[in-house]
Each structure stands twice: as C-alpha cells, then as structure tokens.
Amino acid sequence: MVSPRSIIDRIFDESRRAREVIAPYINRTPVDKSTSFSRMVGCELYLKYENMQKTGAFKVRGALYKVSKLRGVVKGVVAASAGNHAQGVAYAASIFGLRSVIVMPRSASISKIEATKGYGAEVVLHGEVYDDAEREALRIARERGYEFVHAFDDIDVIAGQGTIGFEILEQVPDVDVVVVPIGGGGLISGIATVVKRLRPRTKVIGVEPENAPKMKRSIEAGHPVEVAVRPSIADGLLTRKPGRITYEVVSELVDDIVLVSEDEIAKAIYLLLERAKVLAEGAGAAALAALLSGRVRGVEGRRVLAIVSGGNIDLTALYRVLLRGLASAGRIARLRGVVPDTPGSLYRALEVIARHGANIVEVMHDRTDVRITPWHAAVDILLEVPSRSVLDRIVEELRRRGMKFEQR
Ligand SMILES: Cc1ncc(COP(=O)(O)O)c(C=O)c1O
C-alpha cells in the first residue's frame with residue numbers, strides 16, 4: 001500500500017511539470033472579484049472562470065497532461081464520458097496527434113456528441129448509463145491496443161487539474177478559502193495538493209450535490225463507498241463512488257465537504273448569468289451555490305475563491321433554470337382566476353394588467369370548467385412582470401374590481 005503522502009508528493013511534482021507541458025494549449029483562466037456576490041456572502045469573493053477554458057471546462061487540463069505522456073507510446077486513447085472529459089480527451093488527442101475513441105451512453109445529448117466529434121474523435125454510443133459505456137471503452141482499448149484515460153482516478157489527470165492551484169495562488173496570493181466542486185474528486189485532489197503544499201493555511205472545501213454525496217459519505221465511513229445517485233442539474237458531479245486515489249488525497253487534505261440542493265445550484269446558475277453575465281453549467285455553479293446558500297461556514301470577512309469549473313450547459317436545461325429563476329424572482333407569473341362569462345369581462349382584467357406595465361405571454365379562457373360558478377369562465381394568464389411588487393398590485397386591483405385572481 002502506497003502512503004497518501006507519497007501519492008500527494010508525486011501529484012505535486014507532476015503538476016509542476018504539467019504546467020509547462022500544457023501551457024501552450026490552454027487558457028490561463030481569469031479570476032474576478034465579484035462585488036455583488038461578495039456582498040451577498042459577506043466575504044471577499046473571487047471567481048475563477050474555468051468555463052472560459054478550451055472546450056468550456058477544466059477537464060482539458062488533466063486530459064492534455066495524460067495524453068502528452070502517451071505520445072509515441074500508444075496509437076490512440078479511449079475514454080468513457082458523456083460530458084466534459086469526452087471533449088477534453090478528444091481535444092488533447094487532436095493536439096498530440098493520437099487517435100481517440102469516446103464511448104458515450106446512448107442518453108448523451110446531441111450537442112455533446114457533435115462537440116466531441118468536432119474535436120476529431122470517433123464517437124461510439126453504447127449502453128444506457130456510464131458504466132455500460134466504460135465497460136465498452138475498456139473492451140475497445142484492449143482490442144485496439146489503445147490506452148484508457150480515466151476521468152479522475154489517475155495521477156497524471158489529477159496533476160493536470162492541479163495546475164489550477166498554481167494559478168489561484170498567483171492570482172489571489174493571500175486566499176483564505178478555496179471552494180471546489182467534487183465529481184469523482186480529480187479536480188479537488190489536484191487543487192488541494194498544490195494549494196496545501198504552497199500555502200498550508202488556506203482551507204480547501206469540497207461541494208457535492210445532495211443527490212450524489214459519494215465523497216462526503218466515504219469520508220464519514222472511513223473508506224470509499226458507493227451511494228445511490230439521483231438525477232442532478234450538476235450532471236458533471238453525478239458519480240457513484242470516489243476513486244481510490246482521489247479518496248486518499250481528499251481525506252488527507254480537504255478540510256470539509258458540504259452538500260447543495262438542486263434549487264441552490266439552479267439559483268446560482270441564474271444569478272451568475274444575471275449578475276456576472278457568466279454562463280455556468282450545474283457542476284460549474286455548485287461551488288458558488290454552496291457559498292450563496294450559507295453552507296460553507298467561517299467565510300465571513302475572509303478572502304474566498306470559488307471555481308466555476310465549466311460552462312457546457314444544455315440549452316433546454318438552461319431554459320428551465322431561467323424560467324424557474326424568473327418565476328421565483330416574481331418576474332414571470334401565472335395568475336389564475338374567474339371572470340363573469342359576459343362580453344368585456346376578460347378585457348377588463350387584461351386592461352388592469354396592461355396598465356401596470358405587465359406583458360401577457362399566454363391567456364387561457366375556459367367556459368367549460370364545471371367546478372366554477374355557472375355563467376363564469378376560468379382564466380389562466382402567464383405574464384412577464386417588471387417586479388414582484390407590480391404583480392402584487394395587479395392582483396390587488398383585480399380583486400378590488402371583483403375579479404378573484406391568485407398567483408400560482
Ligand atoms: C464542469 C465540471 N465540474 C466539476 C467536475 C468534477 O470533477 P472531478 O470528477 O474531477 O471531481 C466535472 C466532472 O466532469 C465537470 O465536468
């Protein structure tokens with residue numbers, strides 16, 4: 001059994017080398033101090049934008065370093081992933097002149113499949129879930145003599161992600177707390193290794209969705225355990241079990257792991273877009289979600305950096321997040337009520353709405369609903385509203401005029 005300390009020493013040394021090897025092919029991503037998020041959390045909050053990385057996520061760092069070492073050793077690489085690892089490996093293979101085969105579950109989105117093919121990979125669709133894809137990827141690797149590139153449980157992959165740690169300490173040298181999302185744990189293992197070695201007093205906090213708390217449960221159990229996962233908007237963090245290496249590194253170096261709800265993640269995506277004009281995917285917004293929801297203790301007045309790890313969100317998922325965000329901010333609302341079934345009644349309701357500056361998206365007028373008073377019609381109106389207080393005023397005026405409407 002190799003000791004965690006010697007694994008960490010190796011990751012640190014490899015990470016220093018990785019910096020030089022991958023520098024020509026990646027972006028040194030920006031760090032920005034966010035005034036409005038700082039105010040909301042009560043700390044000095046910096047965001048590091050790995051969503052602006054090549055391929056739209058940090059994953060390409062680890063993939064590049066791993067694949068750089070395979071140049072001249074194997075003809076090709078194989079990976080199993082429906083997400084950012086797929087694009088990272090495909091991109092890295094194209095840089096270093098290797099063939100790549102990416103096995104994705106059939107459920108992978110068309111946009112991810114097309115993006116991966118766009119980097120020159122051969123995409124194989126196999127099975128329903130990740131595990132089926134991984135089995136097929138290992139079979140193809142054996143059959144063709146290609147190397148299988150693991151998404152997180154690999155010293156070189158972790159070392160590649162660790163290059164973010166060097167950048168963090170250059171960009172915010174006196175950072176007190178770094179908050180990092182955890183999928184399989186490769187990203188946090190790399191960052192924690194570098195940050196703790198160069199600035200041991202900086203705290204490193206991990207974030208997982210409540211729907212996939214594998215690292216937190218494993219640390220509590222004292223060994224890697226498998227958890228049941230439920231769907232999450234942070235699909236990049238939906239791993240059932242930590243890696244052997246990542247578990248060791250995290251249990252040695254990470255100060256705490258907190259969980260975030262689906263609502264908290266969705267809200268963070270929404271706020272990043274609204275306040276910072278930054279598009280993050282669920283996994284990418286999880287660290288900020290943990291801070292905004294007060295789940296990370298002891299950050300008040302401290303210098304805190306959260307990683308925005310990726311921006312590859314499906315547009316239909318984004319659409320749902322926006323609708324939900326707008327609805328909870330009272331910016332779109334559904335009013336349901338009853339009006340007399342006489343000419344002009346609906347008009348009078350709509351006139352009140354228009355006068356308050358709200359915009360009608362959709363109107364449903366139903367005279368056949370047998371649950372309501374005879375000679376009346378049920379009305380359902382979807383509105384865009386300037387603010388929640390305007391909505392309150394609309395409902396109040398409708399009621400004053402004898403039209404009972406409620407917000408749904
Ligand atoms: C955007 C994003 N953030 C975070 C993670 C988690 O990284 P790791 O599996 O190394 O913990 C992933 C993994 O795919 C990801 O795609």
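Start by colouring the protein chain by domain: domain 1 covers 4-57 + 154-324, domain 2 covers 59-148, and domain 3 covers 330-407. What you are looking at is a predicted model. With domain 1 and domain 3 selected, the distance between their centres, taken over C-alpha atoms, is 45 Å.

**Whole chain**

Zoom out to the C-alpha trace, which spans about 80 × 50 × 40 Å along its principal axes. A cartoon view of the protein chain shows 15 helices and 14 strands. Of its 408 residues, 48% count as buried. Taking the contacts between residues at least 6 apart in sequence, 73% join residues at least 24 apart.

**The ligand**

Next, select the ligand and the residues around it. The ligand is surrounded by 21 residues, and the closest are Gly183, Gly186, Gly236, Ser309 and Gly310. Which domains contribute to this shell? Domain 1 (4-57 + 154-324) and domain 2 (59-148) each give at least three residues to it. Now highlight the helices α4 (84-95), α8 (186-198) and α12 (282-292), each of which supplies at least two residues of the shell. Colouring the shell by residue class gives eight nonpolar, eleven polar and two charged residues.

**Gly282 in helix α12**

Stay with helix α12 and pick Gly282, which is found in this helix. Is Gly282 buried or exposed? Gly282 is buried, because 28 other C-beta atoms lie within 10 Å, and the cut-off for buried is 20 or more. To see its surroundings, set aside the neighbours within four places in sequence and show the residues in contact with Gly282: Ser232, Ile233, Ala234, Asp235, Ile265, Ile269 and Ile313. Then draw a distance from Gly282 to Asp314: the two are 32 residues apart in sequence, and their C-alpha atoms are 9.9 Å apart in space.

**Helices α1 and α10**

For the last stop, select helix α1 (residues 4-22) together with helix α10 (residues 244-253). These two helices pack with their axes 10 Å apart, at an angle of about 100°. Helix α1 is therefore roughly perpendicular to α10, since angles of 65 to 115 degrees count as such. Show side chains at the contact: α1 brings Pro4, Ile7 and Ile8, while α10 brings Ile245, Glu248, Val249 and Glu252. How do the residues of this contact divide by class? Five are nonpolar, none is polar and two are charged.

How values were computed
Residues are numbered from 1 along each chain as its sequence is written. This is a predicted model: local features need pLDDT of at least 70, side-chain atom pairs count only at pLDDT 80 or more; totals for chains, interfaces and linings use all residues. Axes are lines fitted to C-alpha atoms, for helices over the stretch in contact, and angles run from 0 to 180 degrees between N-to-C directions. Helices (H or I, at least four residues) and strands (E, at least two) are DSSP runs, numbered from the N terminus. Angles under 35 degrees count as roughly parallel, over 145 as roughly antiparallel, 65 to 115 as roughly perpendicular and the rest as oblique. Two residues are in contact if their C-beta atoms, placed from the backbone, lie within 7 Å. Ala, Val, Leu, Ile, Met, Phe, Trp, Tyr, Cys and Pro count as nonpolar, Asp, Glu, Lys and Arg as charged, and the others, Gly among them, as polar. A residue is near a molecule or strand if its C-beta atom, placed from the backbone, lies within 6 Å of it. Domain bounds come from an automatic or database domain assignment. A residue is buried if 20 or more other C-beta atoms lie within 10 Å of its own, exposed if 12 or fewer, and partly exposed in between; C-beta atoms are placed from the backbone.
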